[in-house]
Amino acid sequence: MKHNYILPNAHFRKDWQRYVRTYFDQPAQKLKRRLARKEKAKAIAPRPLTKLRPVVRGCTLKYNTRVRAGRGFSLDELKAAGLHRRQAKQLGITVDHRRRNVSNEGFQVNVNRLKLYQSKLVVFPRRSGKEVKKGEATKEQRKAVTQVDLSKSMPITAVLPRIKARPITAADEYDAYKILHKARMDKKKWGAREKRAKDKKEGKKGKKKGGEEEKDKKKWGAREKRAKDKKEGKKGKKKGGEEEKDKKKWGA
């Protein structure tokens with residue numbers, strides 16, 4: 001074997017069957033779950049197969065356009081629909097005491113959902129053979145009842161707003177970037193502009209940017225000397241040693 005590589009020494013005698021999870025019973029488990037749902041439906045008949053759940057929106061900006069079933073109705077929603085939380089649990093309505101309503105639109109959707117459920121609800125008397133109390137169904141109403149699935153009879157669907165097509169007007173043709181950029185600059189430079197306007201009103205001069213005021217102070221002496229020499233008729237030295245070059249060329 002060439003080079004200084006490790007010698008092949010593979011270990012294939014581990015008890016790998018202990019660490020492998022198989023799902024050969026998946027078809028049987030599927031059938032088992034279906035039969036269990038069927039038995040449960042028989043046991044709770046004629047009550048609905050599922051409990052009533054509220055319409056809620058997903059968290060974060062990514063998912064807040066989607067609607068889904070929530071854990072339970074808030075206490076404010078039950079109060080607006082005229083229900084007590086104990087009564088709601090008896091009628092197959094889920095309750096979540098921790099949930100809070102953030103928007104009025106979402107609150108109203110769930111209140112209307114509760115009222116619609118109450119209008120369709122048929123309440124059986126707690127004890128058979130007794131007098132029918134207020135809000136309980138009569139014998140004829142009870143005979144006509146069929147078991148329903150609330151996920152199908154009262155589904156949770158997103159209502160998407162439809163925007164009608166229209167021609168583009170002059171008001172639609174604008175540069176959004178320029179407008180936003182101007183707004184940012186106005187916000188950033190508001191203080192400096194206000195101060196400049198105030199100083200101008202009072203007759204003051206503001207400082208120059210980039211240390212130009214200090215540069216003017218440094219050059220003041222040189223400027224004064226140049227003006228004095230010009231007045232007296234003197235010539236200043238040329239830059240870059242040009243005066244020495246002139247002296248050398250004079251002899252030639």
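Let's start at Arg47, which sits in the loop between α1 and β1; helices (H or I, at least four residues) and strands (E, at least two) are DSSP runs, numbered from the N terminus. This is a predicted model, where local features need pLDDT of at least 70 and side-chain atom pairs count only at pLDDT 80 or more, while totals for chains, interfaces and linings use all residues. Residues are numbered from 1 along each chain as its sequence is written, and side-chain values use heavy atoms, with hydrogens and water left out.

- Arg47 has a relative accessible area of 55%, so it counts as exposed (over 50%; buried is under 20%, partly exposed in between, with a 1.4 Å probe and protein chains only).
- Arg47 and Val145 are 98 residues apart in sequence, yet their C-alpha atoms are 9.2 Å apart in space.
- Pro46 belongs to the loop between α1 and β1, and a cis peptide bond with omega of about 5° joins Ala45 to Pro46.
- Most peptide bonds are trans, and most residues other than glycine have a negative phi.

**Thr60**
- Thr60 lies in helix α2 (residues 60-63) and has a positive phi, near 70°.
- Thr60 is exposed, because its relative accessibility is 54%.

**The largest pocket**
- A pocket is an open set of points on a 1 Å grid over the protein atoms alone, where a 1.4 Å probe fits, with protein on both sides within 12 Å along at least five of seven lines; lining residues have an atom within 4 Å of a point.
- The largest pocket has a volume of about 1,100 Å³, a volume being the space filled by probe spheres set on the points, which are joined across faces, edges and corners.
- Its lining has 32 residues, with Arg47, Pro48, Leu91, Leu121 and Val122 nearest the centre.
- At least two lining residues come from each of α1 (26-44), α4 (85-90), α5 (104-120) and α7 (150-153).

**The second largest pocket**
- The second largest pocket has a volume of about 620 Å³.
- Among its 26 lining residues, Val55, Val56, Arg57, Val67 and Gly106 are the closest to its centre.
- Helix α5 gives the largest share of this lining, 6 residues.

**The nonpolar core**
- The largest nonpolar core has 12 residues, including Leu52, Phe73, Leu91 and Leu114; such a core is a set of buried Ala, Val, Leu, Ile, Met, Phe, Trp, Tyr and Cys residues joined through side-chain atoms within 4.5 Å.
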